[in-house]
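Good morning, and thank you for making time for this presentation. Please look at the sequence and the structure before we discuss them together.

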Amino acid sequence: MAALLHCLGATLAMLVLPPAGAQSQSAPTPIPPHIAQMVLSTPKPVSEGQMTEFKQDFVDVDFNYDNVMDAQEVRAHFTGKGGISNLELYQFFLDSDKDMSGTISLQEYVDYAAMLN
């Protein structure tokens, strides 16, 4: 969730990111084919590698595989990683949930992440 961490600040990033050279404790969830094959536009150009990273971030947070991120999933993602404050969570949704549905679609997340890079 590099893009999200960038927005939430360096302090949270230090709590969430493993030390340099450390191995991740859990393997990322494989990107499902229907997401991997999606062609998404962005407000700012991104590389294929960045787009893959954004998709991986999204899949890692979408615990129930309903193709949207909700606040409960974002909070759960950060459990055990230093947490996320209510203000940080609110700001993330304010910045990324453009249709104000209460959930973040892959397109909304990619748009948000692209603007941070």
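I shall go from the chain as a whole to one helix, the core, the aromatic rings and a loop.

This is a predicted model, in which local features need pLDDT of at least 70 and side-chain atom pairs count only at pLDDT 80 or more, while totals for chains, interfaces and linings use all residues. Residues are numbered from 1 along each chain as its sequence is written, and side-chain values use heavy atoms, with hydrogens and water left out.

Let me begin with confidence. pLDDT is the predictor's confidence in each residue, from 0 to 100. The protein chain has a mean pLDDT of 84, and 78% of its residues reach 70 or more. Over residues 7–24, however, the pLDDT is below 50. Beyond near neighbours in sequence, that stretch has 17 contacts in the model, a contact being heavy atoms within 4.5 Å.

Now the overall architecture. The protein chain has 7 helices and 2 strands. These are DSSP runs numbered from the N terminus: helices are H or I with at least four residues, and strands are E with at least two. In sequence order, the pattern is α-α-α-α-β-α-α-β-α. Among contacts in the protein chain with a separation of 6 or more, 62% are between residues 24 or more positions apart.

As for the surface, 34% of the 117 residues of the protein chain count as buried. Buried means under 20% relative accessible area, exposed means over 50%, and partly exposed lies in between, with a 1.4 Å probe and protein chains only. The accessible surface of the protein chain is about 6900 Å², and 59% of that belongs to carbon and sulfur atoms. Such areas come from the Shrake-Rupley method with a 1.4 Å probe, and for residues only the protein chains shown count as cover.

I turn to helix 6. Which residues of helix 6 are buried? In this helix, residues 86–96, they are Leu89, Phe92, Phe93 and Ser96. They cover an arc of only 95° around the axis, which puts them on the same side of helix 6. The arc is that of the directions from the helix axis to the C-beta atoms. On the face turned away from this buried side, helix 6 carries the exposed residues Leu87 and Tyr90. As background, an α-helix has 3.6 residues a turn, so residues three or four places apart point the same way.

Next comes the core. A nonpolar core is a set of buried Ala, Val, Leu, Ile, Met, Phe, Trp, Tyr and Cys residues joined through side-chain atoms within 4.5 Å. The largest such core has 21 residues, and Met69, Val74, Phe92 and Tyr109 touch the most other members. Helix 4 (48–61), helix 5 (71–78), helix 6 and helix 7 (106–116) each give two or more residues to this core. Helix 7 provides the largest share, 6 residues.

Rings of Phe, Tyr and Trp (its six-membered ring) pair if their centres lie within 6.5 Å; planes under 30 degrees apart count as stacked, over 60 as edge-to-face and the rest as tilted. The count by this rule is 4 aromatic pairs. For Phe92 and Phe93, the ring centres are 5.6 Å apart and the planes at 85°, so the pair is edge-to-face. Phe92 and Tyr109 also form an edge-to-face pair, at 6.5 Å centre to centre and 65° between the planes. This pair links distant parts of the chain, with Phe92 in helix 6 and Tyr109 in helix 7, 17 residues apart. Phe92, Phe93, Tyr109 and Tyr112 form one aromatic cluster.

Finally, where is Tyr65 found? Tyr65 is in the loop between helix 4 and strand 1 (68–70), and Asn67 lies in that loop as well. Tyr65 counts as exposed at 56% relative accessibility, whereas Asn67 is partly exposed, with a relative accessible area of 35%. Neither is a glycine, but phi is positive in Tyr65, at about 55°, and in Asn67, near 65°. By way of context, most residues other than glycine have a negative phi.

Ile35, in helix 3 (residues 33–36), counts as buried at 4% relative accessibility. Leaving aside neighbours within four places in sequence, Ile35 is in contact with Lys55, Val59, Asn67 and Leu106. Ile35 and Asn67 are 32 residues apart in sequence, and their C-alpha atoms are 8.8 Å apart in space.
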